[in-house]
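Here is a short tour of a single protein chain, written to be read with the coordinates open beside you. Please have a look at the model before reading on.

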Amino acid sequence: KLFLDFLGLRLVDPNTGRLERLLGGEGRLYEALVINTHNQLRIRRILASLAATGFKRYMKPLVHHLAWEITGQDTQRAEPARFWNRSSGRRPALTP
């Protein structure tokens, strides 16, 4: 939840992992992911951690919301690891 707040997001539904933008959060997300690109690696580590600790159900909602924020497109069919690896310009480290 702390990192989501850092990105200007909040967890709306803990069961589904649905996220939404906090009021004024668009500036924080832009700064965190576009200006300070090292945070993209943090997101990769969070995705890996979610998978390893039994919270895999949160991976898709997180990546889908970030993809929507970044591209403005609905990416519901995108696999989380593949989308994030492609977006961050890194070789795949996670496997679905």
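What follows is a report on this model, from the overall layout to its strands and one of its helices.

**Overall layout**

Please keep in mind that this is a predicted model. The protein chain contains five helices and two strands, and from the N terminus on these elements are arranged as α-β-β-α-α-α-α. Of its 96 residues, 38% count as buried. Among contacts with a separation of 6 or more, 44% are made by residues 24 or more positions apart.

The mean pLDDT of the protein chain is 77, and 75% of its residues reach 70 or more. Over residues 87-96, however, the pLDDT is below 50, although this stretch has 20 contacts in the model beyond near neighbours in sequence. Where pLDDT is low, the predicted coordinates should not be read in detail.

| Element | Residues | Mean pLDDT |
|---|---|---|
| Strand 1 (highest) | residues 9-13 | 93 |
| Helix 5 (lowest) | residues 80-87 | 54 |

**The hairpin**

Strand 1 and strand 2 (residues 18-21) run antiparallel and are joined by four bridges. Across this pairing, Arg-10 stands opposite Glu-20 in strand 2. Four residues lie between the strands of the hairpin, and Gly-17 takes a positive phi near 85° there.

**Helix 3**

Does the length of helix 3 fit its residue count, or depart from it? With 15 residues at 1.5 Å a residue, helix 3 (residues 38-52) should span 21 Å, and the 22 Å between its end C-alpha atoms agrees with that.

Which of its residues are buried? In helix 3 they are Asn-39, Gln-40, Ile-43, Arg-44, Leu-47 and Leu-50. Viewed down the axis of helix 3, these buried residues fall within an arc of 160°, so they line one face of the helix. On the face of helix 3 turned away from its buried side sit the exposed residues Arg-45 and Ala-52.

Helix 3 is followed by Gly-54, which has a positive phi, near 90°.

Technical notes. Residues are numbered from 1 along each chain as its sequence is written. This is a predicted model: local features need pLDDT of at least 70, side-chain atom pairs count only at pLDDT 80 or more; totals for chains, interfaces and linings use all residues. Side-chain values use heavy atoms; hydrogens and water are left out. Buried means under 20% relative accessible area, exposed over 50%, partly exposed in between (1.4 Å probe, protein chains only). Contact means heavy atoms within 4.5 Å. pLDDT is the predictor's confidence in each residue, from 0 to 100. The expected span of a helix is 1.5 Å times one less than its number of residues. The arc is that of the directions from the helix axis to the C-beta atoms. Two strands pair if DSSP finds at least two bridges between them.
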